[in-house]
Amino acid sequence: MDDSTSQTHQSPFQFLTKKPYEPPPWASHLNPIPSHTFSLGHFPTPIHKWNLPNLPKNTEVWLKRDDMSGMQLSGNKVRKLEFLLADAVAQSADCIVTIGSIQSNHCRATAVAAKYLNLDCYLILRTSKLLVDKDPGLTGNLLVDRLVGAHIDLVSNEEYAKVGSEALTKILKEKLLNEGRKPYVIPVGGSNSLGTWGYIEAIRELEQQLQHLSIEQKFDDIVVACGSGGTVAGLSIASMLSGLKAKINAFCVCDDPDYFYEHVQGLLDGITAGVSSRDIVSIETAKGLGYAMSTADELKFVKQVAETTGVILDPVYSGKAAYGMMKDMGENPRKWEGRKILFIHTGGLLGLYDKADEIGSLMGKWRKMDINESIPRQDGIGKMF
């Protein structure tokens with residue numbers, strides 16, 4: 001299969017089908033190469049110019065809308081799941097186990113994708129000590145998790161920190177094995193070496209999209225949020241190997257840059273990439289108050305971006321990464337002047353519902369409509385009462 005006929009341009013009946021995977025020619029030396037992929041997302045995702053205010057001189061920002069990869073499956077996780085769930089099916093799994101925060105986009109996408117493929121889904125979700133033995137409710141991602149019938153095990157943040165995500169999924173896996181089930185474990189964020197292929201494939205998709213543009217469009221930088229490392233690992237190795245050669249700038253929303261350089265290194269080693277993570281990606285912190293915690297300024301920024309550009313960022317990932325990027329542009333304009341930047345919107349809209357109370361004070365523009373009683377009645381289409 002050559003580059004012009006990659007998996008990204010599908011026939012109408014390929015959704016939810018499993019197909020053999022052929023890597024891009026420039027990635028064919030990586031090892032191991034996945035054997036199959038499941039078509040789960042709506043690709044290619046659109047790219048458009050993003051008219052952010054107050055950009056440095058001659059700087060252009062474009063947006064790749066991975067938040068549009070499908071409604072229930074929206075976001076960057078679906079690209080990883082295409083490979084991970086093909087592997088689960090190949091191993092004859094009958095259920096999927098994964099883990100994340102209480103509003104995890106990854107867990108929600110996994111729960112939906114598992115049901116598409118007729119697999120049960122078990123989610124271990126991290127919450128506060130005060131809420132760990134209470135009904136988790138139906139806000140945001142949880143509504144979708146529970147609608148599709150995912151089994152939910154709650155753990156406290158303290159238990160999660162003490163035991164670790166790998167040990168927790170192992171406990172649940174053993175329990176399911178003892179019940180005669182065949183579980184397949186997916187790590188936090190789908191970020192293992194196999195999941196990395198999701199964003200290697202995204203770079204092939206991007207290359208094709210750029211080929212089809214009439215203007216010469218070359219991106220100097222790609223900017224993305226980093227929360228579990230898999231997206232960043234795939235983007236950085238693929239940008240280096242392909243003709244794209246864009247500099248990858250990641251803004252981490254938890255932990256710290258050193259942790260992610262090391263973690264991304266492990267993912268790259270797992271596909272025998274033979275490169276140092278520090279040579280192919282720049283990771284800066286945009287953690288703020290901590291994972292999934294928002295400052296008033298961050299939420300105000302999300303509101304301003306929505307109001308000025310129509311693009312809704314999520315508060316946990318893309319909102320923090322875009323806030324970090326704009327802050328850096330304000331402080332170091334020379335660094336960004338005249339560059340063409342592609343920002344990857346990794347989804348997460350449902351996570352905003354969890355912030356409704358915090359963001360409420362920023363909302364205005366409503367009033368009771370003023371209607372003069374002497375106006376004659378005039379029916380429109382459809383009588384509602």
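View 1. Taken over C-alpha atoms, the centres of domain 1 and domain 2 are separated by 23 Å. Their contact, meaning heavy atoms within 4.5 Å, takes 37 residues from domain 1 and 33 residues from domain 2. Domain 1 covers 17-74 + 192-361 and domain 2 covers 76-190, with bounds that come from an automatic or database domain assignment. This is a predicted model, in which local features need pLDDT of at least 70 and side-chain atom pairs count only at pLDDT 80 or more, while totals for chains, interfaces and linings use all residues. Residues are numbered from 1 along each chain as its sequence is written, and side-chain values use heavy atoms, with hydrogens and water left out.

View 2. The unreviewed UniProt entry lists K77 for "modified residue: N6-(pyridoxal phosphate)lysine"; UniProt positions are given in the numbering used here, feature names are shortened, and annotations may be inferred rather than shown by experiment. K77 lies in helix α1, which spans residues 77-90; helices (H or I, at least four residues) and strands (E, at least two) are DSSP runs, numbered from the N terminus. With a relative accessible area of 8%, K77 is buried, where buried means under 20% relative accessible area, exposed over 50%, and partly exposed in between (1.4 Å probe, protein chains only). Leaving aside neighbours within four places in sequence, K77 is in contact with N105, H106, A109, G189 and S228.

View 3. On a 1 Å grid over the protein atoms alone, a cavity is a set of points where a 1.4 Å probe fits but cannot get out, and a pocket is an open set with protein on both sides within 12 Å along at least five of seven lines; lining residues have an atom within 4 Å of a point. Helix α7 (230-241) is among the elements that supply at least two lining residues each, and α7 gives the most, with 3 residues. Both domain 1 and domain 2 give residues to the lining of the second largest cavity, so it lies between them.

**View 4. The largest pocket.** This pocket has a volume of about 950 Å³. Its lining counts 36 residues, of which I99, Y160, S165, V188 and Y259 are the closest to its centre. Helix α5 gives the most to this lining, with 5 residues, and domain 1 and domain 2 each contribute at least three. By class, the lining has 13 nonpolar, 16 polar and 7 charged residues, where Ala, Val, Leu, Ile, Met, Phe, Trp, Tyr, Cys and Pro count as nonpolar, Asp, Glu, Lys and Arg as charged, and the others, Gly among them, as polar.

**View 5. The second largest pocket.** About 540 Å³ of space lies in the second largest pocket. Among the 26 residues that line it, I102, Q103, R126, T127 and D354 are the closest to its centre. Because both domain 1 and domain 2 give residues to its lining, the second largest pocket lies between them.

Key. Grid points are joined across faces, edges and corners, and a volume is the space filled by probe spheres set on the points.
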